[in-house]
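These are my notebook entries from a reading of one structure. I set down what I looked up, in the order in which I looked.

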Amino acid sequence: MIDLSKIRYRVVILDGKGNQYNIKDYVQNLGWEENENEISVRSSFTVMNDKTSKGYLSDIIAPGCLVGIFATDGGSLDEEVARGYVETWDLIEKNNGQSLKCTAYDELYRLQKSQDNRYYPSGTGTKSALQGIFDDWGIPQGSYAGPNVSHGKTVYNNRYLSDIVLELLDDAGKKGGEKCIVRAAKGYASVIPRGSNKTVYVFQADGTQSFSQSVSTADLITRVRVVGQADDDGNRSVEATLDGETRYGIRQRIYTRGAEESLSDAKSAAQEILNGEGKVKKEMTVQSPDVPSIRKGDLVYVRNGSGAAYYYVKSIQHNADAYSMTMEIETTG
């Protein structure tokens with residue numbers, strides 16, 4: 001069990017020549033975050049541009065250099081919790097002094113900033129599609145514990161690769177595959193199921209934590225209609241209609257059956273849409289002392305005045321200066 005009262009952070013820079021520098025004594029405003037609908041970790045920090053025995057920090061920290069963030073509690077915890085390559089480099093002069101503000105992103109940022117045209121014939125597996133993207137963009141691969149369902153013929157034109165990755169995983173989930181996330185850790189990209197963390201942290205109401213909850217039907221889908229391929233006049237026939245929580249009114253989604261997709265598979269995919277988006281959304285924001293190793297997609301357990309339940313982390317922001325973090329979480333059910 002980690003001792004939160006003893007958490008300490010350090011920041012290590014690896015320059016273009018392979019030299020390492022521990023700059024923890026110069027760092028301010030250190031934080032890192034993983035946001036919903038993004039796949040890359042964003043890290044940021046500010047350093048006073050002091051002259052060290054190796055020169056000014058602005059000469060050591062350059063665009064493209066690798067930044068590693070480590071956390072320790074002097075006991076069981078001593079690990080890298082985030083890394084990234086410097087993408088923005090801002091030198092600021094004020095009050096006769098200089099400060100350097102940097103933002104870094106991990107390897108998956110290449111996919112967030114790159115568009116491509118991709119064609120997948122019917123029967124392409126999730127694993128080969130995703131690993132092909134990683135290979136083409138030179139991203140080292142870690143474990144693949146994700147789904148490997150067969151997808152229908154799919155064409156992506158001028159799409160961001162991160163969106164393609166998320167859509168393939170979403171489509172796999174709709175076809176019965178396990179809900180999974182893609183994340184980079186220590187330089188390797190992995191596809192893993194949500195909630196696969198071995199240690200599940202418990203958060204309960206006390207003087208160090210706060211909870212805010214929301215319940216919403218704003219994005220609720222209550223009906224999915226399966227339609228076939230368009231005829232010569234552009235018309236599409238309705239082949240199936242699946243209803244969910246229609247007591248909230250009709251909120252309809254259209255699912256178009258692929259040219260080589262059976263009606264049974266299309267209905268299964270439509271049912272998965274209802275399973276995932278046909279429920280009242282219950283979310284919570286948790287603010288607490290920082291647990292540096294918690295990441296987006298992890299499973300946590302919350303016990304407060306409204307009950308106790310397991311949740312998935314949808315997004316998370318770590319603030320090293322304040323030794324705190326903020327999580328957006330959603331129910332597992």
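**Entry 1: enclosed space**

I searched for cavities of 30 Å³ or more and the count came to one. I worked on a 1 Å grid over the protein atoms alone, where a cavity is a set of points where a 1.4 Å probe fits but cannot get out, a pocket is an open set with protein on both sides within 12 Å along at least five of seven lines, and lining residues have an atom within 4 Å of a point. Grid points are joined across faces, edges and corners, and a volume is the space filled by probe spheres set on the points.

I noted that this is a predicted model, in which local features need pLDDT of at least 70 and side-chain atom pairs count only at pLDDT 80 or more, while totals for chains, interfaces and linings use all residues. Residues are numbered from 1 along each chain as its sequence is written, and side-chain values use heavy atoms, with hydrogens and water left out.

The largest cavity holds about 40 Å³ of space, and its lining is made up of Ser-122, Gly-152, Lys-153, Gly-258, Ala-259, Glu-260 and Glu-261. I sorted this lining by class and found one nonpolar, three polar and three charged residues, where Ala, Val, Leu, Ile, Met, Phe, Trp, Tyr, Cys and Pro count as nonpolar, Asp, Glu, Lys and Arg as charged, and the others, Gly among them, as polar.

**Entry 2: the chain as a whole**

I then stepped back to the chain, which has five helices and 25 strands; helices (H or I, at least four residues) and strands (E, at least two) are DSSP runs, numbered from the N terminus. The C-alpha trace spans about 75 × 50 × 35 Å along its principal axes. Of the 333 residues in the chain, 44% are buried, and buried here means under 20% relative accessible area, exposed over 50%, and partly exposed in between (1.4 Å probe, protein chains only).

**Entry 3: open pockets**

The largest pocket has a volume of about 1500 Å³. I counted 41 residues in its lining, and those nearest its centre are Glu-36, Asp-170, Lys-179, Arg-194 and Glu-330. Among the elements that each supply at least two residues to this lining are α5 (263-277) and β24 (307-319), but α4 gives the most, with six. By class, the lining of the largest pocket divides into 13 nonpolar, nine polar and 19 charged residues.

The second largest pocket contains about 600 Å³ of space. Its lining has 26 residues, and Glu-79, Arg-183, Ser-293, Arg-295 and Asp-298 are the closest to its centre. Two or more residues each come from β8 (78-94), β15 and β23 (299-304), with β8 giving the most, five residues. I sorted this second lining into 13 nonpolar, four polar and nine charged residues.

**Entry 4: aromatic rings**

How many aromatic pairs does the search give? The count comes to five, under a rule by which rings of Phe, Tyr and Trp (its six-membered ring) pair if their centres lie within 6.5 Å, with planes under 30 degrees apart counted as stacked, over 60 as edge-to-face and the rest as tilted. Tyr-9 and Trp-32 form an edge-to-face pair, 6.0 Å from centre to centre and with 70 degrees between the planes. This pair links distant parts of the chain, since Tyr-9 is in strand β1 (residues 8-14) and Trp-32 in strand β3 (residues 27-34), 23 residues apart.

**Entry 5: cysteines**

I searched the whole structure for disulfides and found zero, a disulfide being a pair of cysteine sulfur atoms within 2.5 Å. Cys-65 is buried, with a relative accessible area of 7%, and Cys-102 is buried with a value of 0%.
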